[in-house]
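This briefing concerns the structure shown below.

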Amino acid sequence: MELKTPLYDIHLQESGKIVPFGGYLLPVQYPTGVIKEHLAVRENCGLFDVSHMGVITLKGETALASLNYLLTNDFTNMDQGKVRYSLMCNVNGGCIDDLIVYKLAQDYYFLVVNASNRHKDYKHMKEHILEGTIIEDISDSVAILALQGPKAFSIISKLLPPEDIPTKNYSAIEEVYIDGMKCMISTTGYTGEEGYELYTASENAVKLWKLLRKEGSEFNLIPCGLGARDTLRLEASMPLYGHEITEEITPLEAGLGFAVKMNKEDFIGKKALLEKGEPKIKRVGLQMIDRGIMRENQDIYLNDKLIGYTTSGTHLPYLQKALAMALIDKYHSEPGTIVEVDIRGKKLKAEIIELPFYFRNK
Amino acid sequence: MFNYPKKLLYTETHEWVKKEGDIYVIGISDYAQDALGDIVFVNLPEVDDEVFVQEPFGDVESVKAVSDLYSPVTGVICDVNEELLDNPALLNEDSYKNWIIKVEEVSETEEFLDAESYREFCESQG
């Protein structure tokens, strides 16, 4: 039984093509199609319903200590109103999930987790939080809209005064009012583009969507579905849970060491990560040389020796290239190395290239 | 919602067929191109390749997925629409005008659906 986000009826009105994803019925694309939606975010602006994402809050005197024990990043010197990316590891050092953490007060943290991992995450966190931390899953009461693209600032400026628009990357303002609706706004997203995510009570979602659509029309804002969300994050080389990271892959293997603070006291998975030492595999980019398109879970060979597999791949609309991310033997991960990818029984040539594929010019 | 030209024959794997004399012209239906989404790559066979009824002769890739093309006939390919190699999006623009292969020396065909039966089949797919 799939759930509907508060914007389900809007997606039908916008003629979205609905598919089940992470336990929710969501639009994979609108009639414009994935390519146009992708390009809208790179060139103008796109609007996404990401209300399926899970929201879990940690409150109380020990909330910070609980976070530092549960997650790989260090939250000790974090300012209020900042946002930080982290992994949550199991005892073996594998990834239970990746998530972002908002610090809303000294004793109040707001965590955004993957929809499909929400219940697993909650259970794990509840089991391991310290005494004096109160955990709550508030996902069902929160709607999340992502406004992404170079025109996002112009659009949001029509709805909010400058002091209510966060400017620094990965920062948030907890309480702003858009046409009377209380929202939290942050400079976050999953597209590699500048933009905002807006959190509001579920009952405001439809009104907020319509308002953004109306104010965005002069900037060619269009609604974007899950298809474009995936191609945009892949082009920006961001990991997706279940692809680049899983319970069997460590954050270090996935190239996410920046969010793992081995110097902090203790956290779940630290011991295993120490024991494993330097990772033997590496996340890299691949670009097709032969004609063809790489998809996920295709084997990669160097001189007939299996050296890894692709984790995500497709034809990327802005760069107009067939690209993939892959996890391969670190020893053979040098950019410029020519490998063969088994694409449905045919071994086709591809070249290892640096990540990220796309990085916006600031 | 979708276009099902009456003069064409169809298969349950969403190819269309038009008979021009002894030659069978083959493409994919409007329903198929819509289900695939933005098409970015077409893998085509070559002239003189043999094709076999209900067996793959190539594939179409969209941003989302890859889908096999099934031959509705057994025969020998006499023409391939090479324009699709450079511009696969033509299949999204008009999947009936933009045929994929032409087959001659046809010795076997599958049981085709007429436009009305094919429409009913597609609508039953939800």
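The contact between the chains takes 11 residues from chain A and 8 residues from chain B, where two residues are in contact if their C-beta atoms, placed from the backbone, lie within 7 Å. This is a predicted model, in which local features need pLDDT of at least 70 and side-chain atom pairs count only at pLDDT 80 or more, while totals for chains, interfaces and linings use all residues. Residues are numbered from 1 along each chain as its sequence is written, and chains are lettered from A and ligands numbered from 1 in the order in which they are written.

**Chain A against chain B**

- On the side of chain A that touches chain B, H2, H7 and strand E17 (305-316) of chain A each supply at least two residues; helices (H or I, at least four residues) and strands (E, at least two) are DSSP runs, numbered from the N terminus.
- By class, this side of chain A has 4 nonpolar, 6 polar and 1 charged residues. Ala, Val, Leu, Ile, Met, Phe, Trp, Tyr, Cys and Pro count as nonpolar, Asp, Glu, Lys and Arg as charged, and the others, Gly among them, as polar.

**Domains of chain A**

- The domain assignment of chain A gives domain 1 (3-49 + 140-235) and domain 2 (280-353); such bounds come from an automatic or database domain assignment.
- The centres of domain 1 and domain 2 of chain A, taken over C-alpha atoms, are separated by 32 Å.
- Domain 1 of chain A gives 7 residues to the contact and domain 2 of chain A gives 7 residues.
- On the side of domain 1 of chain A that touches domain 2 of chain A, the elements giving two or more residues are H2 and H7 of chain A. The largest share of that side, 4 residues, comes from H2(A).
- By class, that side of domain 1 of chain A has 3 nonpolar, 2 polar and 2 charged residues.

**Packing of H2(A) and H7(A)**

- Helix H2 (residues 34-43) and helix H7 (residues 226-235) of chain A pack at an angle of about 55°, with their axes 9 Å apart. Axes are lines fitted to C-alpha atoms, for helices over the stretch in contact, and angles run from 0 to 180 degrees between N-to-C directions.
- H2(A) and H7(A) are therefore oblique to each other: angles under 35 degrees count as roughly parallel, over 145 as roughly antiparallel, 65 to 115 as roughly perpendicular and the rest as oblique.
- Val34(A), Glu37(A), His38(A) and Val41(A) of H2(A) make the contact with Gly227(A), Ala228(A), Thr231(A) and Leu232(A) of H7(A). By class, this contact has 4 nonpolar, 3 polar and 1 charged residues.
- H7(A) is largely enclosed by the rest of the structure, because 9 of its 10 residues are buried. A residue is buried if 20 or more other C-beta atoms lie within 10 Å of its own, exposed if 12 or fewer, and partly exposed in between, with C-beta atoms placed from the backbone.
- The buried residues of H7(A) pack against strand E2 (17-21), strand E3 (24-29), H2, strand E4 (46-49), E17 and strand E18 (321-329) of chain A.

**Backbone geometry**

- Ser237(A), which follows H7(A), has a positive phi near 60°.
- Asp179(A), a residue other than glycine, has a positive phi near 50°. Asp179(A) lies in the loop between strand E11 (172-178) and strand E12 (181-186) of chain A and counts as exposed, with 10 C-beta neighbours inside 10 Å.
- His14(B) is not a glycine, yet its phi is positive, about 75°. The loop between strand E1 (9-10) and strand E2 (15-20) of chain B holds His14(B), which counts as buried with 23 C-beta neighbours inside 10 Å.
- Leu355(A) and Pro356(A) are joined by a cis peptide bond, with omega about 0°. Pro356(A) is in the segment after strand E20 (346-353) of chain A.

**Two buried positions in chain A**

- Gly149(A), in the loop between strand E10 (142-148) and helix H5 (152-157) of chain A, is buried, with 29 other C-beta atoms within 10 Å. Leaving aside neighbours within four places in sequence, its contacts include Ala40(A), Val41(A) and Glu193(A).
- Leu147(A) lies in strand E10 of chain A and is buried, with 26 other C-beta atoms within 10 Å. Not counting residues up to four places away in sequence, Leu147(A) touches residues including Cys45(A), Leu47(A), Ile155(A) and Leu212(A).
- Leu147(A) and Thr188(A), 41 residues apart in sequence, are 9.5 Å apart in space, C-alpha to C-alpha.
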